Amino acid sequence: MCSLSYKNSKKKLITVEGKIKGSISHKILGSNGFGYDPIFVPINKKKTFGEMLSYQKYKIDHRSKAFKKIKKFL
């Protein structure tokens, strides 16, 4: 899960969330990304984030979802 907040010029606070569901791999797979990427398998995918190319991960990850939501307010 990723949460982002932004306070606009009228002092209104906008907060959005990006979420992705998945499972934890029994093995460390892949060397891309950081943190839990080599063990997190998104739902309906066969690869960990660590095995995916950056552009594949960024299409579906929780941070991208949150940034797409908050972009509407900028």
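In these legends a residue is called buried when its relative accessible area is under 20%, exposed when that area is over 50%, and partly exposed in between, with a 1.4 Å probe and protein chains only. The model is a predicted one, in which local features need pLDDT of at least 70 and side-chain atom pairs count only at pLDDT 80 or more, whereas totals for chains, interfaces and linings use all residues. Residues are numbered from 1 along each chain as its sequence is written, and side-chain values use heavy atoms, with hydrogens and water left out.

**Figure 1. Thr 48, a buried residue in the loop between β4 and α1.** Thr 48 lies in the loop that joins β4 to α1, where helices (H or I, at least four residues) and strands (E, at least two) are DSSP runs numbered from the N terminus. Because its relative accessibility is 1%, Thr 48 counts as buried. Its side chain reaches the backbone oxygen of Leu 29 at 2.7 Å. Not counting residues up to four places away in sequence, Thr 48 touches Ser 25, Leu 29, Asp 37, Pro 38, Ile 39, Phe 40 and Val 41, a contact being heavy atoms within 4.5 Å.

**Figure 2. Pro 42 in strand β4.** Strand β4 covers residues 40-42 and includes Pro 42, which counts as buried because its relative accessibility is 3%. When neighbours within four places in sequence are left aside, the contacts of Pro 42 are Ile 20, Lys 21, Gly 22, Lys 47, Phe 49, Met 52 and Ile 60. Thr 15, by contrast, is 27 residues from Pro 42 in sequence, and the two C-alpha atoms are 24 Å apart in space.

Figure 3. Lys 11 lies in the loop between β1 (2-7) and β2 (13-18), and it has a positive phi of about 70° although it is not a glycine. With a relative accessibility of 65%, Lys 11 counts as exposed. Asn 44 belongs to the loop between β4 and α1 (54-60); its phi is near 70°, again a positive value in a residue other than glycine. The relative accessible area of Asn 44 is 75%, and so this residue is exposed.

**Figure 4. Helix α2 and the largest nonpolar core.** In helix α2 (residues 62-71) the buried residues are His 62, Ser 64, Ala 66 and Ile 70, and the buried residues of this helix pack against β1, β2 and α1. The largest nonpolar core has 6 residues in all, namely Cys 2, Leu 4, Ile 14, Val 16, Ala 66 and Ile 70, and β1, β2 and α2 each supply at least two residues of it. Such a core is a set of buried Ala, Val, Leu, Ile, Met, Phe, Trp, Tyr and Cys residues joined through side-chain atoms within 4.5 Å. Apart from neighbours within four places in sequence, Ile 14 is in contact with Leu 4, Ser 5, Tyr 6, Asn 8, Ile 70 and Phe 73.

**Figure 5. The protein chain as the setting of the close-ups.** The secondary structure comes to 2 helices and 4 strands, which run β-β-β-β-α-α from the N terminus on. The radius of gyration is 15 Å, well over the 11 Å that the globule rule gives for 74 residues, so the chain is more spread out than a compact globule; this radius is taken over C-alpha atoms, and the rule is 2.2 Å times the number of residues to the power 0.38. Along its principal axes the C-alpha trace spans about 50 × 20 × 20 Å, and 30% of the 74 residues count as buried.

Conventions: Polar contact = N/O pair within 3.5 Å; in protein donor to acceptor, adjacent residues only side chain to side chain.
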